[in-house]
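Me: I have a structure here and a few things to ask about it. Can we go through them one by one?

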Amino acid sequence: AHRMTRVERFWKGEGSPKSLTMFMTAGFPERSTVPLALLLASSGADLIEIGMPFSDPLADGPVIQSSSERALRNGVTLHTVLEDVRGIRSASPVPLVLMGYVNPVLAFGPERFFLAAADAGFPGAEGVDGDGRVAHGRQIADLATGEDRGLVEVGGDQRRQGEQLAT
């Protein structure tokens, strides 16, 4: 039986009819994302999107580009992002969604990434400029863990996106 994730409960409207979704770049302004994420959660954030920094964030505006550059200078990697998620998850029930470009996920290995993300406590991820390799990695990880991470890919093949969103 499917167990609803925190994010699914959030989107289905459990709790308040109004919500506050916050975005933060992992590793900005400091390397550890945990203190800022916990501050956002304790200040009323109903859901937090955590951006994975990327060296070439062309789809983002100057503020997120700048925060990504600083996070990378701070030494943030997908490994450190997932470590921080564990820290956030152990201290707060706030729903989390990982957002970022697909390139780092492809370099990490999609199957390996989704298994590591599930282990860290991430139920979902959004990617920009995705392709089928990432969706395939998610499906393999779903089978391995018995969970559905609910990947939303932005960019790439519009028809395939619609099919993925509908599932």
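Me: Which residue's side chain does Arg 86 meet in a salt bridge?
Reply: The partner of Arg 86 is Asp 119, at 2.6 Å from N to O. A salt bridge here is a side-chain nitrogen of Lys or Arg within 4 Å of a carboxyl oxygen of Asp or Glu. Arg 86 sits in helix H4 and Asp 119 in helix H6, 33 residues apart, so the pair links distant parts of the chain. Helices (H or I, at least four residues) and strands (E, at least two) are DSSP runs, numbered from the N terminus.

Me: What kind of model is this, and how are residues numbered?
Reply: It is a predicted model, in which local features need pLDDT of at least 70 and side-chain atom pairs count only at pLDDT 80 or more, while totals for chains, interfaces and linings use all residues. Residues are numbered from 1 along each chain as its sequence is written, and side-chain values use heavy atoms, with hydrogens and water left out.

Me: Back to that pair. Is Asp 119 buried or exposed?
Reply: Asp 119 is exposed, with a relative accessible area of 55%. Arg 86 counts as partly exposed at 37%. The cut-offs are under 20% relative accessible area for buried and over 50% for exposed, with partly exposed in between (1.4 Å probe, protein chains only).

Me: How many salt bridges does the structure hold?
Reply: Two. Arg 31 also forms one with Asp 84, with the closest N and O atoms 3.2 Å apart. Arg 31 is in the loop between S1 and H2 and Asp 84 is in helix H4, so this pair ties together parts 53 residues apart in sequence. Asp 84 counts as buried at 6% relative accessibility, whereas Arg 31 counts as partly exposed at 28%.

Me: Now H2. Which of its residues are buried?
Reply: In helix H2 (residues 34-42) they are Val 34, Ala 37, Leu 40 and Ala 41. They cover an arc of only 130 degrees around the axis, which puts them on the same side of H2. That arc is taken from the directions from the helix axis to the C-beta atoms.

Me: What do they pack against, and what is on the other face?
Reply: The buried residues of H2 pack against strand S1 (21-25), strand S2 (47-51) and helix H4 (78-91). Contact means heavy atoms within 4.5 Å. The face turned away from the buried side carries the exposed residues Pro 35 and Ser 42. Just after H2, Gly 44 has a positive phi of about 115 degrees.

Me: How many residues are in the largest nonpolar core?
Reply: It has 27 residues, and those with the most contacts inside it are Ile 48, Ile 50, Leu 96, Leu 98, Phe 113 and Phe 122. The largest share, five residues, comes from H4. A nonpolar core is a set of buried Ala, Val, Leu, Ile, Met, Phe, Trp, Tyr and Cys residues joined through side-chain atoms within 4.5 Å.

Me: What about Phe 108 and Phe 113, how do their rings sit?
Reply: Their centres are 6.1 Å apart and their planes at 90 degrees, so the pair is edge-to-face. Rings of Phe, Tyr and Trp (its six-membered ring) pair if their centres lie within 6.5 Å; planes under 30 degrees apart count as stacked, over 60 as edge-to-face and the rest as tilted. Both Phe 108 and Phe 113 are buried.

Me: Last one. How many helices and strands are there?
Reply: The protein chain has eight helices and five strands.
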